[in-house]
Amino acid sequence: MIETIPTQLIAIGVGLAAVMAFIGLNGLVLVYLERKVAGFIQRRPGPYEVGPYGLLQPLADGLKLVGKQMFTPKGADAFLYWLAPIISIAPVLVCFLAVPFGPHVTIFKDMNVGLILILAFTGINVLALCLAGWASQNKYALLGAARDISQSVAYEIPLLLSVLPIIFMTGTFNLYEISMGQGSWPWQWHVATQPLAFVIFFICALAETNRAPFDLPEAESELTAGFHTEYSGMGFGVFFLAEYAYMIIACSVATVLFLGGWNGPLVSGWWWFLTKVYLLLLVMMWFRWTYPRVRFDQLLNLCWKWLIPLTVINLLITALVVAI
């Protein structure tokens, strides 16, 4: 019976199981890391009561979410309300299949549309947040969803334009080949020739993942919790896990496109890839607990007046250099 199952189907099944375990483990690690970083920046100890050095605090938080009652708000569209968190996290599983963690730790090496697949599937999250806000029958949730749509539509343009120079230089959408084309030392990575594209990509990644200072769709002080105001228990937990998973995807793509992927000094491998990804995640956390939230007009002005013109100029210069 097993012999009749195509090898590619078995690889996808094993890959999805590994990705789900990776997302769950990273969720626990990042929750602990974020709370410790917040404590360090705010000059307080952070979690330290549950387990040695507070290491079991994320596990306790997870069990608390699992044990909470899940209810549907009065007047809400129950089907869409509970469909939204599933739509939010499901695309992440597909995105990880295209990420090359190392020369021998990659599920699909020959996926020649890997970058397009990630950009397309991460865009589905906007639909999930829109459904969550609309189906909750709550004005704060609806306002949060409207903000998320405006923000995502605006920042996807400079995000795509910041990726195109790398495509022009390498001539491929295959993330494995883009990693292979870079050397072991920092001056051999694409960030050395495309520093502006890297900075703009990272700013757009912050906006696309709704991280501070661009967390207007949640904005606790203005909208309670924005699009997930009415969610409790694992409904909220799935949105929370999806946010961390999208952060990992964004940092993984930045690592592959600009920071050499798995390549590094001395011995290249998956450990260099994870080191770079976690350093970028720490920068995201540092930004969250350091910079205040921008106003909505400032958010859109930054995108339309600065990021888009700069990415267009950078793209034209790159195209000219490649053509010459």
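Which residues in H3 are buried? I looked this up in a predicted model. In H3 the buried residues are Leu80, Tyr81, Ala84, Pro85, Ile87, Ser88, Pro91, Val92, Cys95, Phe96 and Leu97.

I stayed with H3, which spans residues 78-97. I found a kink of about 25° at Ala84, shortly before the proline Pro85. Ala84 and Pro85 are both on the buried list.

Next I turned to the aromatic rings. The structure holds 20 aromatic pairs. One of them joins Phe22 and Phe96, edge-to-face, at 5.6 Å centre to centre and 75° between the planes. Phe22 sits in helix H1 and Phe96 in helix H3, so this pair ties together parts 74 residues apart in sequence. I checked the cover on each ring. Phe96 has 1% relative accessibility and counts as buried. Phe22 has a relative accessible area of 22%, so I noted it as partly exposed.

I then looked at Tyr231 and Phe239. Their ring centres are 5.0 Å apart and their planes stand at 80°, so this pair is edge-to-face. Both residues are buried.

I also noted one aromatic cluster, formed by Phe198, Phe201, Phe202, Phe258, Trp286, Phe287 and Tyr291. At Trp189 I found a charge over a ring: Lys276 lies over its face, 4.0 Å from the ring centre.

Last, the surface. Leu28, Tyr53, Leu55, Leu56, Leu59 and Leu63 form a nonpolar patch there, with about 640 Å² of accessible area together. Leu28 belongs to helix H1, residues 7-41. Why does Leu28 count as partly exposed? Its relative accessibility is 35%, and partly exposed runs between the buried cut-off of 20% and the exposed cut-off of 50%.

Note on methods. Residues numbered from 1 in each chain as written. Predicted model: local features only at pLDDT ≥ 70, side-chain atom pairs only at ≥ 80, totals over all residues. Heavy atoms only, no water. Bend = angle between axes of the 7 residues up to and from the residue. Helix = DSSP H or I, 4+ residues; strand = E, 2+ residues; numbered from the N terminus. Buried < 20%, exposed > 50% of the residue type's maximum accessible area, 1.4 Å probe, protein only. Patch = residues over 30% accessible without salt bridge, like charges linked within 9 Å, V, L, I, M, F, W, Y side chains within 5 Å. Areas by Shrake-Rupley, 256 points an atom, 1.4 Å probe, with all protein chains shown as cover. Salt bridge = Lys/Arg side-chain N within 4 Å of Asp/Glu carboxyl O. Phe/Tyr/Trp six-rings, centres within 6.5 Å; stacked < 30°, edge-to-face > 60°. Lys NZ or Arg CZ within 6 Å of the ring centre and 35° of its normal.
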